[in-house]
Amino acid sequence: MGHVRDLGTTGDTGPLDVGDTSHPVPRRATIGERPRPRVDLRAVFGLESGAWAWTTAAQAAIAMTVSFALGAWLFDAQVATLAAMGSMTVLYEKKTPYVYRSAALALVGLGFVVSVTMGSLASALSPWAGVISIGLTAGLATWICAAWRVDKPGPLFIVLVGAISTIVPGGLTDVPLHAAIAALGAAIGWAVSMSGVVVRARHPEYQAVAVAYRRLAALLRSVGTPELDHAQHDASVAVADAWRLVLLAQTRGYRTSGEAARLRSLLRRVSDVHLATTQVCMARTTPLPPEAAAFADRMAAAVADPDRAPDPAELDGVRRGMRPRSLEARLYGLMARAASAERRDGEEFEDDESARTLHDERYPALWGALRSSLSPESLIRPTALRMWITVTAAGALALAVGLENSYWVGITTTAVLQGGNVVLTLNRAVQRSLGTLLGVVIGAFLIAANPPLAAVIVLAAAFQGAAQLVIGRNFFYGSLLITPMALLLSYTAAPHPITELAETRIIDTVVGGLAGLAGAMLLWRGASATRLPQSIVGVLEEARRCVSAVLDQDTEIDPGLRYELRRDMRAALVSLRGVYDSAIGDVPRAASTRPLWPVVVATQRTGYLALSALALEDPEPVGTITLQRVDLAFCELISAMEERRTPRMGALPRLPAYPRINMELRALSTSMAGAVAQDERTARLEARQRAELERHRAQDDVDADL
């Protein structure tokens, strides 16, 4: 039988086996090492990769200074702390377009006001009402923030604001005043966050597209290395985020401008380059020339500045001598065309097909998101319930054993539970406890110096800014700096003897950390692990849709359908990796999750190949019988995953134009069989251990009778 060349390669993968076993099949890209969440010194004290949040730090410090000082001037120092806490709205929606941010921050500010109202009202009723209020705020904030995709810090500061409001002096008649002061602070935080619109009105959208190019550069560097699958996930997340943010910026007046058309064109081109890169990285097992990644990095710098765009001719050297139909040549061609588009002004995109509509709704369906988050398949529901139950129980326990002002227990428990799975929660508990212990010493020293109110305002703002600078890279250092700020605010709101305040904070932190860890261990600790198989099935279902649409000669893929398939496929892939990363920390279920890493990788690669097939301008259809056999293969894999059994795969049909799909389907079947076999071995081992334990117990009973 003759050789069939894989047109999705650069020509260095050899002949493709289409049935004659005398020829070797193309090599498969190496699987990267699975993620390994750990509790060690590096996890607790090490800095995560990323940039320092200088802009957020400066905005946080300014917002707190203005709101705290204005509140103290208009009212008094005690209630002014509510304005200072309301200004923490500046910490939210830092990456979204300003037109969307204005509405989203208003909702966040409303959440702050509601939290203060609930806390202030509860404090006027009874301490137990305060406990219920903090727990309910934590649960609702976790649910809404997750369902509406509110970026970090999530529910933490909403709970912090509501908890501290329970100690602000006042009665029922003061509740409206407290809510109004919190609204004043939230308005100041909104104004500071929106201040960038004056000088960089479109910076968030351009930054999102630039980040997508930088992640693509990292993906290009990872080709032929074990880091490929991790880089592929990061690039896919960045491209998905860029689509979301650019879509949010499409207001009625701006949508028809040349600048908006240019940005839409750049977004489509970065998406096409990503899909072409996906095809190359699946087919090539050796590194790409470094010039390719360097070119992508330069394209990232030129997204907002056409003058910095690289010359497309710079890629002529790396693609010289390649077959025109090879995927690597196509990748470089797409990168060159994207660079050409970057060099053009907005007015030149009027007739550009890639600059037209984005085929989707601008705003997400908020109520629909809340409803879907309550479905049995969603991780949001158990996460929110865990937060609500644990924070309420921790506060009730603290109050029952006589801990005064136990609101700090609820704050600590919320911070710890934001880790997600058991391993990350343990890391957070250690980081929060150590950071708070050291932060209490710093805060107690400052309070003991009895600084004037002006110094308190400056110190609180400085600690807030410094905390936001580092908290994204390490929670320990963030806790170390947030604690003195919170102590200064709480001491100003309700003065206590400094030794009593410091001692109470230490005890509350330990209790809250232990309560958060207990909640993670006892409540829905296997939520992610139990949902992982369904996430794998979700990716396979979307891949089946994409492949069927591409191969079916009766299906016409118009731009709207193409976008819908891409969007849903990307969302399923991003969700799968997120669920797996959480599941491997779900102790003790992680032991049964780790063997699924090869399954997850093969599923991801199948999904990415299906996604990249949608980028083909003139896909080659197949016959009805071949299409049915491919569909049956997907159905068998889906059924095997749902039933936790070994797939019964027959011979896959020949797909000369799409050979890598068959390769990954075979790899997926093999990895699923291995995972099932390992589960069976584990089950047999556990059964033997239980039998041995029962035998020892029976022998002990006999010995006792004798």
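Buried means under 20% relative accessible area, exposed means over 50%, and partly exposed lies in between (1.4 Å probe, protein chains only). Helices (H or I, at least four residues) and strands (E, at least two) are DSSP runs, numbered from the N terminus. This is a predicted model, in which local features need pLDDT of at least 70 and side-chain atom pairs count only at pLDDT 80 or more, while totals for chains, interfaces and linings use all residues. Residues are numbered from 1 along each chain as its sequence is written, and side-chain values use heavy atoms, with hydrogens and water left out.

Q: How many helices and strands does the secondary structure of the chain come to?
A: The chain has 706 residues, of which 52% count as buried. Among contacts (heavy atoms within 4.5 Å) between residues at least 6 apart in sequence, 81% join residues at least 24 apart. The secondary structure of this chain comes to 27 helices and 0 strands.

Q: What is the centre-to-centre distance in the aromatic pair of tryptophan 243 and tyrosine 563?
A: Rings of Phe, Tyr and Trp (its six-membered ring) pair if their centres lie within 6.5 Å, and planes under 30 degrees apart count as stacked, over 60 as edge-to-face and the rest as tilted. The structure holds 5 aromatic pairs, and one of them, formed by tryptophan 243 and tyrosine 563, is tilted, with 50° between the planes and a centre-to-centre distance of 5.2 Å.

Q: How many residues apart in sequence are the parts that the pair of tryptophan 243 and tyrosine 563 ties together?
A: Tryptophan 243 is buried at a relative accessible area of 7%, and tyrosine 563 also counts as buried, at 9%. Tryptophan 243 lies in helix α9 (residues 228–248) and tyrosine 563 in helix α23 (residues 559–583), so the parts tied together by the pair are separated in sequence by 320 residues.

Q: Why is the pair of tyrosine 407 and tryptophan 408 edge-to-face?
A: Both tyrosine 407 and tryptophan 408 are buried. Their ring centres are 6.3 Å apart, and the pair is edge-to-face because the ring planes stand at 80°.

Q: At what angle do the axes of helix α2 and helix α19 cross?
A: Two packed helices are described by the angle between their axes and the distance between the axes. Axes are lines fitted to C-alpha atoms, for helices over the stretch in contact, and angles run from 0 to 180 degrees between N-to-C directions; those under 35 degrees count as roughly parallel, over 145 as roughly antiparallel, 65 to 115 as roughly perpendicular and the rest as oblique. Helices α2 and α19 are therefore roughly antiparallel to each other. The axes of α2 (residues 54–74) and α19 (residues 453–470) come within 8 Å, and they cross at roughly 155°.

Q: What is the handedness of the crossing of α4 and α5?
A: Helix α4 (residues 98–125) and helix α5 (residues 127–147) pack with their axes 7 Å apart at an angle of about 160°, which makes α4 roughly antiparallel to α5. The contact includes Ser115, Met118 and Gly119 of α4 together with Ala129, Gly130 and Ser133 of α5. A crossing is left-handed if the near helix is turned anticlockwise from the far one by less than a right angle, and right-handed if clockwise. The crossing in which α4 passes α5 is right-handed.

Q: What is the phi of arginine 149?
A: Most residues other than glycine have a negative phi, and most peptide bonds are trans. Arginine 149 lies in the loop between α5 and α6 (156–164) and counts as exposed at 52% relative accessibility. Although arginine 149 is not a glycine, its phi is positive, at about 55°.

Q: In which loop does asparagine 450 lie?
A: Asparagine 450 has a positive phi of about 50° although it is not a glycine. Asparagine 450 is exposed, with a relative accessible area of 61%, and its place in the chain is the loop between α18 (422–448) and α19.
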